Amino acid sequence: MKLVSFEAKTTTGPIRRIGVAVGDDEVVDVNAAYEQMLIEQGESTPRVAAKNSAPLDMNEFLEHGDRAFEAARDAVSLAKDRKGANELGAQIRYDIDEINLLCPIPEPESIRCCSVFDEHIGRHRDLPDVYYEMPMYWKGSHKNMVDPNS
């Protein structure tokens, strides 16, 4: 499952949403699709319940852990044969050219890269002992995120 953050245009202005990429050309709006599933199950407050399980903010979504990922899987399953809006007016699926992709986590709390691992760099040369004694990583600024289309 490939999660994305995106911005969609609405009649009241742009909104930020969380989606799941379906192939290369579509995105399922997790919250909107999950909201529709709750409507069909008879939930009395589907908008509130959907935000509790499938938040609109990626940081909050990730903090919800398994519950949010289960909601995303349910949303994708519901959206397989759905186009258009849910019963509350939120669009369930978008063509990729209808939205603006944002950074996957638009405002991360921190950025750390520990990608210097021996299987990756060891292919090119023998690693010195100090590599195993003092692993290397870098910490980037989380304030300098740029959207993919910027």
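A residue is called buried when its relative accessible area is under 20%, exposed when it is over 50%, and partly exposed in between (1.4 Å probe, protein chains only). The legends below use these words throughout.

**View 1. The whole chain of the predicted model.** Of the 150 residues in the chain, 35% count as buried. The chain holds six helices and seven strands; helices (H or I, at least four residues) and strands (E, at least two) are DSSP runs, numbered from the N terminus. Along the sequence, their order is β-β-β-α-α-α-α-β-β-β-α-α-β. Residues are numbered from 1 along each chain as its sequence is written, and side-chain values use heavy atoms, with hydrogens and water left out. This is a predicted model, in which local features need pLDDT of at least 70 and side-chain atom pairs count only at pLDDT 80 or more, whereas totals for chains, interfaces and linings use all residues.

**View 2. The salt bridge between glutamate 26 and arginine 93.** A salt bridge is a side-chain nitrogen of Lys or Arg within 4 Å of a carboxyl oxygen of Asp or Glu, and by this rule the count comes to seven. In the pair shown, the closest N and O atoms of glutamate 26 and arginine 93 are 2.6 Å apart.

**View 3. The salt bridge between lysine 83 and aspartate 95.** The closest N and O atoms of this pair are 3.5 Å apart. Lysine 83 belongs to the loop between helix H4 (66–79) and S4, and aspartate 95 to strand S4; the pair links distant parts of the chain, 12 residues apart. With a relative accessible area of 52%, lysine 83 is exposed, while aspartate 95, at 30%, counts as partly exposed. Through salt bridges that share partners, Glu26, Lys83, Arg93 and Asp95 are joined into one network.

**View 4. The salt bridge between arginine 82 and aspartate 81.** Here the closest N and O atoms are 3.8 Å apart. Arginine 82 is partly exposed, since its relative accessible area is 26%. Aspartate 81 has a relative accessibility of 65% and therefore counts as exposed.

**View 5. The side chain of aspartate 29 and its polar contacts.** Aspartate 29 is part of strand S3 (residues 26–29) and counts as buried, at 1% relative accessibility. A polar contact is a pair of N or O atoms within 3.5 Å; within protein, one must be able to donate a hydrogen and the other to accept it, and residues adjacent in sequence count only if both atoms are side-chain atoms. The aspartate 29 side chain reaches the backbone nitrogen of asparagine 31 at 3.1 Å. A polar atom of this side chain also lies 3.0 Å from the backbone nitrogen of alanine 32.

**View 6. Arginine 17 beside serine 5.** Arginine 17 sits in strand S2 (residues 15–22). Its relative accessible area is 11%, which means that arginine 17 is buried. Arginine 17 and serine 5 are 12 residues apart along the chain, and their C-alpha atoms are separated by 5.8 Å.
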